[in-house]
Amino acid sequence: MKDYLCEDTIAAISTPLSKGAIGIVRISGERALEILKKVFRTKSGKPKETFEDRKMTYGIIVDENNDEIDEVLAVYMKGPKTFTGEDVVEIHSHGGIYVVRKILKRVLSEGARLAEPGEFTKRAFINGRIDLVQAEAINEIINAESELSLKVAVNHLKGNLSSKIESIRDRLFHLKAFIEAAVDFPEEEIEIIETGRVKEEVEKAARDIEKLLETYDDGRIIREGIKIAIAGRPNVGKSSLLNALLKEERAIVTDIPGTTRDVIEETVTLKGIPVRLIDTAGIREARDTVEKIGISRTMEKLKTADVILFVIDGSTGFTEEDRKIYNILKNNPNLIVVINKKDQGLKVTCKDFKQTCIEISAKTGEGIENLSETIMKKLLLEPETLFKEAETMITSERHKNLLEKALKNLQNMKVSIESGVESPEFLALDLDEALDALGEIVGKKGVEDMLDIIFSTFCIGK
């Protein structure tokens with residue numbers, strides 16, 4: 001890990017680059033206090049030699065010519081009891097884009113280096129302030145788009161998932177000691193297979209891992225959101241349905257067929273779960289190149305959607321164009337037929353379809369709440385249950401893959417035991433592989449090459 005254990009002092013803007021009341025420049029490293037003293041002056045313009053730990057100090061930041069840049073509040077926090085485990089300084093200025101950038105430039109001129117994306121969090125991990133699951137949780141909190149996704153991320157940051165992983169690892173480490181005793185002291189004739197102890201412990205650990213893996217499908221949806229594609233021929237009310245679900249006028253609605261000529265994606269929360277709504281271009285014989293591209297993109301989106309809402313204009317009936325689209329979609333298990341324009345009278349109803357079907361009026365909002373509940377049922381999602389399960393839920397594909405790897409190794413051990421394998425050395429190989437995979441989840445084994453990839457997804461300043 002020598003690439004990450006550098007002695008550089010880093011700095012970055014830790015608030016969004018936009019106009020606001022406050023902007024924060026964060027500094028971390030052994031020269032943080034030294035740099036603060038060089039750029040900070042009291043209101044009277046005098047240098048300040050002492051800063052009380054964790055106490056805000058009012059003053060000004062000056063440029064190389066000692067001209068004032070801005071009035072600020074500065075705070076020095078002595079390591080190791082800081083977020084990064086190092087000395088940390090925060091400079092709180094007015095929130096203008098130009099002034100915050102100028103303060104950062106001044107800090108960098110005194111020897112700090114611009115932080116890489118996620119480098120503050122990376123240092124917190126390297127210095128043992130948090131484990132890797134907690135580090136990833138910080139990014140999940142920043143990107144949370146619903147109450148439920150925030151709850152899952154906060155529980156990860158609190159260490160709930162890490163504790164579960166560590167509990168399994170601890171049990172397997174005790175098992176490893178038992179097996180290695182048989183390897184190191186064969187004269188003691190420790191009966192690995194006959195006692196059944198190994199098999200029992202392996203089965204317990206495997207069951208715990210399986211329980212975690214069972215939460216992944218729901219966890220993925222909570223983190224990434226449900227992908228719902230709204231499909232149908234032109235002018236059946238797809239964009240009106242999008243607006244009704246969003247509760248705002250996002251898509252252009254006209255009586256002209258083909259108004260939506262490209263895919264529109266928006267995020268909304270349904271029953272506390274994030275949803276990515278995809279309003280697709282109307283499917284028909286393309287009239288020009290642009291419309292042809294839009295329809296092609298529509299077909300690609302339909303392939304990846306968790307739910308497809310096939311919208312029909314119930315006031316005009318089931319047309320030949322509808323039938324062609326329906327024949328393409330009817331075998332999709334997550335298809336919901338949505339008969340729109342109920343307020344205008346329906347010439348086709350849900351009785352005409354075998355699939356899940358809802359009658360609505362996107363214009364008046366009738367049936368929209370029922371549609372939301374039907375989407376949840378289609379995906380077997382129970383929001384109230386999910387809130388209860390959020391404490392130790394798997395949301396990361398990285399975690400899922402490593403848990404599956406650990407489970408496979410434990411299953412290999414079980415098969416070996418049941419097949420009569422008596423060599424403790426042979427069992428120890430699979431056990432070590434399982435421990436390595438679990439250790440990699442929390443950052444205690446084999447993660448050096450992954451750190452840049454993981455933290456590159458963070459924003460600069462975090």
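The pLDDT is the predictor's confidence in each residue, on a scale from 0 to 100.

**Figure 1. Confidence of the predicted model.** The mean pLDDT of the protein is 84, and 84% of the residues score at least 70. Over residues 249–262 the pLDDT is below 50, although this stretch has 36 contacts in the model beyond near neighbours in sequence. Residues 284–288 likewise stay under 50 in pLDDT, with ten contacts beyond four places in sequence. Where pLDDT is low, the predicted coordinates should not be read in detail.

**Figure 2. The open six-stranded sheet.** The strands follow the order β9-β10-β8-β11-β12-β13, and their pairing is mixed. Strands β9 (264–270) and β13 (356–359) each have a single partner strand and stand at the edges, so one side of each lacks a neighbour in the sheet. From one strand to the next, the twist averages 25°.

**Figure 3. Pairing of β8 with β11, and the helix packed on the sheet.** Strands β8 (residues 226–231) and β11 (residues 307–313) run parallel and are joined by four bridges. Alanine 229 lies opposite isoleucine 308 of β11. Helix α10 (residues 238–246) packs on the sheet, where it touches β8, β9, β10 (273–279), β11 and β12 (335–340). The direction of α10 makes about 160° with that of β10.

**Figure 4. Contact between helices α4 and α5.** The axes of α4 (residues 132–143) and α5 (residues 147–158) come within 8 Å and cross at roughly 155°. Angles over 145 degrees count as roughly antiparallel, and α4 and α5 are therefore roughly antiparallel to each other. The crossing is left-handed. Among the contact residues are Val133, Ala137 and Ile141 of α4 and Leu150, Val154 and Leu157 of α5. By class, the contact comprises eight nonpolar, two polar and two charged residues.

How values were computed. Residues numbered from 1 in each chain as written. Predicted model: local features only at pLDDT ≥ 70, side-chain atom pairs only at ≥ 80, totals over all residues. Heavy atoms only, no water. Pairing = 2+ DSSP bridges. Helix = DSSP H or I, 4+ residues; strand = E, 2+ residues; numbered from the N terminus. Axes fitted to C-alpha atoms, helices over the stretch in contact; angles between N-to-C directions. Contact = heavy atoms within 4.5 Å. Parallel < 35°, antiparallel > 145°, perpendicular 65-115°, else oblique. Left-handed = near helix turned anticlockwise from the far one by under 90°. Nonpolar A, V, L, I, M, F, W, Y, C, P; charged D, E, K, R; others polar.
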